[in-house]
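The tour below moves through selections where backbone torsions deserve a look.

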Amino acid sequence: MKDEDETIRKLLVPLLKERFFVKAFVRVDKVHQRLKTEGFLSPEERAIKHPFHPDIDVLYWPKEYTQEPEIFAAEVKYFRLKDGNVYPTIYEGLGEAMMLLTFGFNHVSLWHLFDPEVDSETVSRYRDLTQNLINDTRSPVNYQSWLLSELPKTTMVSQERQPTASERIAHLMNLLNQGTFISSVTIGLKDNPLVNRWDTRIMRAIIKKNYRMVK
């Protein structure tokens, strides 16, 4: 993969689309400006003071919900080699994930993806340092990490011919892996402690209005 954008588009979004409405690379500043121009915002929403950054790498919510959906957001960092060094740096992403809490999402995550070129020692060190930092500081950010090879592929059994036994087994195993992935990014996550603050409620309302989520 070339960068985070390609990884998100080609790997993460297709996996999440199985169960969720998914939006990637959300520019909240543009969302706010457009809704404001079109007259869809309340006076409170128009006047909200927020930097509207960072952009949201991955925003997703269930396709089926009643009245109020759980909203998930993730900051994604894809570690790969660049000029012989691991890029980006390990500390990038955590601050952005913390800022996502101010948008009023129910759960915010930091996802680390590792290219096969990154050696196993570096992968272990980055995983341990990040997880320990989040745990020991009691950060409300949820942390997950995967090697690219660990992510399931979104595949379909061919309808043009009868699949072989090995193809059926591979397809079933992949469905199981997809379910495991979905569980890891939705179940048992820490809640956003800012979700009921007045300003985060306004930011959440703006995003819900833009994507026509039920109140």
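Select F52 first: F52 sits in the loop between α3 and β2, where helices (H or I, at least four residues) and strands (E, at least two) are DSSP runs, numbered from the N terminus. This is a predicted model, in which local features need pLDDT of at least 70 and side-chain atom pairs count only at pLDDT 80 or more, while totals for chains, interfaces and linings use all residues. Residues are numbered from 1 along each chain as its sequence is written, and side-chain values use heavy atoms, with hydrogens and water left out.

Check the backbone of F52: phi is positive, about 60°, although F52 is not a glycine. Most residues other than glycine have a negative phi, and most peptide bonds are trans. F52 is buried, with a relative accessible area of 12%; buried means under 20% relative accessible area, exposed over 50%, and partly exposed in between (1.4 Å probe, protein chains only).

Next, select H53 and P54. A cis peptide bond links H53 to P54, with omega about 5°. P54 belongs to the loop between α3 (43-47) and β2 (56-62).

Go on to Q67, in the loop between β2 and β3 (72-82). Is Q67 buried or exposed? Q67 counts as exposed, at 61% relative accessibility. Phi of Q67 is positive, near 70°, in a residue other than glycine.

Finish at Y87 and P88. The peptide bond that joins Y87 and P88 is cis, and its omega is about 0°. To place P88, display the loop between β4 (85-87) and α4 (94-100), where P88 is found.
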